[in-house]
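Subject: A structure for you to look at

Hi there,

Here is the structure I promised to pass on to you. Have a look at it first, and then read on for what I found in it.

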Amino acid sequence: MPTQIVVAGAVIRRATVLVAQRLRPPELAGRWELPGGKVAPGETEPEALARELAEELGLEVGDVAVGNRLGDDVALEGMTLRAYRVRLLDGEPLARDHRAVRWVSADELPGVDWVPADRGWVPDLVRALSTAAS
């Protein structure tokens, strides 16, 4: 049986990336992640990510442009987590499905209390932000 694909968005604006603080489940509540969600049947991964970001952050689907992959896949129980670079074209993200959202710089990334699944992307995020700044 194929695993469920879960997509996460590294929403980059200038030299910062958007991180979202989890509300649930209890063991992850309060920790930070890249926002995203599950790919539904019939959706491409970029379509699913644009939809999830719109739902979770109060944006319109057209407010984001999903770009290239970021980092390696993360295998979780029954799921594969996959990250993409995302440009914010319009709007201001809101914490609709999270406790909070905030923009962090490359220097701040290692000190973020990440959910374990997203921690491996920190070096990729640092590289992405350093190219965004130049």
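This is a predicted model: local features need pLDDT of at least 70, side-chain atom pairs count only at pLDDT 80 or more; totals for chains, interfaces and linings use all residues.

Along the principal axes, the C-alpha atoms fill a box of roughly 45 × 30 × 25 Å. Of the 134 residues, 43% count as buried. The protein exposes about 6900 Å², and carbon and sulfur atoms supply 51% of that area. If you take the contacts between residues at least 6 apart in sequence, 66% of them join residues at least 24 apart.

Next, the pocket. Rolling a probe the size of a water molecule over the atoms shows where empty space is left. The largest pocket holds about 500 Å³ of space, and 25 residues line it. Val6, Arg22, Leu28, Glu33 and Gly36 are the lining residues that lie nearest its centre. By class, the lining has 14 nonpolar, eight charged and three polar residues. At least two lining residues come from each of β1 (4–13), β4 (36–38), β6 (79–88) and α2 (116–119).

You can look for Arg22 in the loop between β2 (16–21) and β3 (32–33). Leaving aside neighbours within four places in sequence, Arg22 is in contact with Leu28, Ala29, Gly30, Arg31, Glu33, His98, Arg99 and Val115. Ala95 is 73 residues away from Arg22 along the chain, and their C-alpha atoms are separated by 9.8 Å.

Apart from neighbours within four places in sequence, Val86 is in contact with Gly9, Ala10, Val11, Ile12, Leu49, Leu53, Val64, Ala65 and Val66. Val86 and Ala106 are 20 residues apart in sequence, and 16 Å lies between their C-alpha atoms.

Thr80 is also found in strand β6, and at 14% relative accessibility Thr80 counts as buried. The C-alpha atoms of Thr80 and Ile5 are 4.9 Å apart, although 75 residues separate the two along the chain. Ile5 is among the contacts of Thr80 beyond four places in sequence, together with Thr3, Gln4, Val6, Asp73 and Val74.

Finally, here are two backbone details. Most residues other than glycine have a negative phi, and most peptide bonds are trans. Arg14 has a phi near 55°, a positive value in a residue other than glycine. You will find Arg14 in the loop between β1 and β2, where Arg14 is exposed with a relative accessible area of 66%. What is the peptide bond from Arg24 to Pro25, cis or trans? This bond is cis, with omega near -10°, and Pro25 lies in the loop between β2 and β3.

Enjoy exploring!

Best wishes

Methods:
Residues are numbered from 1 along each chain as its sequence is written. Side-chain values use heavy atoms; hydrogens and water are left out. On a 1 Å grid over the protein atoms alone, a cavity is a set of points where a 1.4 Å probe fits but cannot get out, and a pocket is an open set with protein on both sides within 12 Å along at least five of seven lines; lining residues have an atom within 4 Å of a point. Grid points are joined across faces, edges and corners, and a volume is the space filled by probe spheres set on the points. Helices (H or I, at least four residues) and strands (E, at least two) are DSSP runs, numbered from the N terminus. Ala, Val, Leu, Ile, Met, Phe, Trp, Tyr, Cys and Pro count as nonpolar, Asp, Glu, Lys and Arg as charged, and the others, Gly among them, as polar. Buried means under 20% relative accessible area, exposed over 50%, partly exposed in between (1.4 Å probe, protein chains only). Contact means heavy atoms within 4.5 Å. Accessible areas come from the Shrake-Rupley method with a 1.4 Å probe; for residues, only the protein chains shown count as cover.
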